[in-house]
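Open the model in a viewer and keep the sequence panel beside it. The stops below are given in the order in which to select them.

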Amino acid sequence: MMTGTTGETSTLELEDVKLDLSFMEDSKLILFNDDHNSFDKVIMALIIYCQVSAAKAAEIAMKVHNDGKAVAKYGSRDKLEPIAKVFGELDLTCEIEDP
């Protein structure tokens, strides 16, 4: 709710805001950049195995390309291990990072 506007300043009061930060307690599947896999291959792997949208997959792939690595997926180690195994079989370099 917007409250108190005086001249150029306005304030925003938020009450009872709850943020779900549970993902921060999850493990992370980190995907690393390489010089031999195409963007299309990486994007398709992210869509199929990480179950993200094409737009999100492209965003992750670009982050991997620009920063050298990116979080591909959050989840329990049990859920990430099969994805990491398939990524390895596809010659995509990744690792699981625990919290």
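Helices and strands here are DSSP runs, helices of at least four residues and strands of at least two, numbered from the N terminus. With that rule, the elements of the protein chain run β-β-β-α-α-β-α-β from the N terminus on. The model is predicted.

**Whole chain**

Start with the chain in cartoon view, coloured by secondary structure. There are 3 helices and 5 strands to find. Then switch to a surface: the accessible area of the chain comes to about 7,100 Å², and 53% of that area belongs to carbon and sulfur atoms. Buried residues account for 25% of the 99 residues. Among contacts between residues at least 6 apart in sequence, 64% join residues at least 24 apart.

**Helix 1**

Select residues 39–49, which form helix 1. Which residues of helix 1 are buried? They are Val-42, Ile-43, Ala-45 and Leu-46. Look down the axis of helix 1: its buried residues fall within an arc of 160°, so they line one face of the helix. Now show what those buried residues pack against, namely strand 3, helix 2, strand 4 and helix 3.

Stay in helix 1 and pick Ile-47. Ile-47 has a relative accessibility of 27% and therefore counts as partly exposed, since the partly exposed class lies between the buried limit of 20% and the exposed limit of 50%. With neighbours within four places in sequence left aside, Ile-47 is in contact with Val-52, Ser-53, Ala-54 and Ala-57. Draw a distance from the C-alpha atom of Ile-47 to that of Ala-57: the separation is 6.1 Å, for two residues 10 apart along the chain.

**The loop after helix 1**

Move on to Gln-51, which follows helix 1. Gln-51 sits in the loop between helix 1 and helix 2 (54–67). Its phi is near 55°, a positive value in a residue other than glycine. Is Gln-51 buried or exposed? At 66% relative accessibility, Gln-51 counts as exposed.

**Helix 3**

Select residues 77–89 for helix 3. This helix has 13 residues and reaches 18 Å from its first C-alpha to its last, close to the 18 Å expected at 1.5 Å a residue. Show the side chains of Leu-80, Ile-83, Ala-84 and Phe-87, the buried residues of helix 3. Viewed down the axis of helix 3, the buried residues fall within an arc of 105°, so they line one face. Turn to the other side of helix 3, where Asp-78, Lys-85 and Glu-89 are exposed. The cover over the buried residues of helix 3 includes strand 3, helix 1, strand 4 (69–75) and strand 5 (94–97).

**The aromatic pair**

Next, display the rings. A pair of aromatic rings is described by the distance of the centres and the angle of the planes. How many aromatic pairs are there? The count comes to 1. The pair is formed by Tyr-49 and Phe-87 and is edge-to-face, with 6.5 Å centre to centre and 85° between the planes. Tyr-49 lies in helix 1 and Phe-87 in helix 3, so the pair ties together parts that are 38 residues apart in sequence. Compare the two in surface view: Tyr-49 is partly exposed, with a relative accessible area of 35%, whereas Phe-87 is buried at 0% relative accessibility.

Follow the chain out of helix 3 to Asp-91, in the loop between helix 3 and strand 5. Asp-91 has a positive phi of about 65° although it is not a glycine. At 44% relative accessibility, Asp-91 counts as partly exposed.

From the backbone oxygen of Asp-91, trace 2.8 Å to a polar atom of the side chain of Asn-37. Where is Asn-37 found? It is in the loop between strand 3 (27–32) and helix 1. Asn-37 counts as buried because its relative accessibility is 15%, and the buried class covers values under 20%. The side chain of Asn-37 also makes a polar contact with the side chain of Lys-41, at 2.9 Å. To finish, display the contacts of Asn-37 beyond four places in sequence: Val-42, Leu-90, Asp-91 and Leu-92. Of these, Val-42 is one of the buried residues of helix 1.

Terms used: Residues are numbered from 1 along each chain as its sequence is written. This is a predicted model: local features need pLDDT of at least 70, side-chain atom pairs count only at pLDDT 80 or more; totals for chains, interfaces and linings use all residues. Side-chain values use heavy atoms; hydrogens and water are left out. Buried means under 20% relative accessible area, exposed over 50%, partly exposed in between (1.4 Å probe, protein chains only). Contact means heavy atoms within 4.5 Å. A polar contact is a pair of N or O atoms within 3.5 Å; within protein, one must be able to donate a hydrogen and the other to accept it, and residues adjacent in sequence count only if both atoms are side-chain atoms. The expected span of a helix is 1.5 Å times one less than its number of residues. The arc is that of the directions from the helix axis to the C-beta atoms. Rings of Phe, Tyr and Trp (its six-membered ring) pair if their centres lie within 6.5 Å; planes under 30 degrees apart count as stacked, over 60 as edge-to-face and the rest as tilted. Accessible areas come from the Shrake-Rupley method with a 1.4 Å probe; for residues, only the protein chains shown count as cover.
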